[in-house]
Amino acid sequence: MQSRPGAGAILFVLICLMTLWVFLLVEMPLLLGMNPAWTEKIRPYEELLHLHAVCGVAALLAGATQFSSEWRRTYPRLHRMAGYVYVGTTALASPLAIWVALQYTPMAEATAHVSQALIWVVTTVAAFLAIRSRHMPSHQTWMVRSYALTLTFVLSRFVTEVLEVRIPADAGGNATFVWLSTILVLLAADTLVDWNRRA
């Protein structure tokens, strides 16, 4: 009798499909310079933004491996190396996001981006310290929260650029969207952790 794929496997496939969709429909045209207005807008901080994006993608890929128990059992050394890559790329991507936000976005939006980046760092460091202390349940909780924030790298683009869902300027615009996405992914992360432990 064949076993059905678990919720985690289904969620992983959905995230992969969403990431591929965003890359092909949103990021690739930008990288190829097919949007002159965007190219002109980011010109003052283009290198920083691209470095931030590279680190974000690396964190997205490295972080995904941390949730496979099979990978953890079969390749423990690679699992640890991927964990270090995740922590390192997060530690680099976060301050880059903070710098760009403070220098090139309106104050309300900058505050939201800086807060999200700081929470991302805090959750990642908490996950790292927990595993160093060999406290696995705490590590898993903080890692899920951290990776949920990493996923906003894709989710935000999917919602705004693919689904074309945007918050009106008179309702806070991008600043409100960043706050909402931060709160919702953290709530989803805690719900997932709680559901997994009950299961």
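**Rings, charges and a buried glutamate**

Arginine 145 lies over the face of tryptophan 142, and the distance to the ring centre comes out at 4.5 Å. The model is a predicted one, so the contact belongs to that prediction.

Turning to ring–ring pairs, a search through the whole structure turns up five aromatic pairs. One of them joins tyrosine 86 and tyrosine 147, with 6.3 Å from centre to centre and 50 degrees between the planes, which makes the pair tilted. Tyrosine 86 belongs to helix H5 (residues 76-104) and tyrosine 147 to helix H7 (residues 136-162), so this pair ties together parts that sit 61 residues apart in sequence. Both partners are tucked away: tyrosine 86 is buried, at a relative accessible area of 1%, and tyrosine 147 is buried too, at 8%.

With a relative accessible area of 16%, glutamate 109 counts as buried because the cut-off is under 20%. Leaving aside residues up to four places away in sequence, glutamate 109 touches Asn174 and Ala175.

Definitions and conventions: Residues are numbered from 1 along each chain as its sequence is written. This is a predicted model: local features need pLDDT of at least 70, side-chain atom pairs count only at pLDDT 80 or more; totals for chains, interfaces and linings use all residues. Side-chain values use heavy atoms; hydrogens and water are left out. Buried means under 20% relative accessible area, exposed over 50%, partly exposed in between (1.4 Å probe, protein chains only). Contact means heavy atoms within 4.5 Å. Rings of Phe, Tyr and Trp (its six-membered ring) pair if their centres lie within 6.5 Å; planes under 30 degrees apart count as stacked, over 60 as edge-to-face and the rest as tilted. Helices (H or I, at least four residues) and strands (E, at least two) are DSSP runs, numbered from the N terminus. A charge sits over a ring if NZ of Lys or CZ of Arg is within 6 Å of the ring centre and within 35 degrees of the ring normal.
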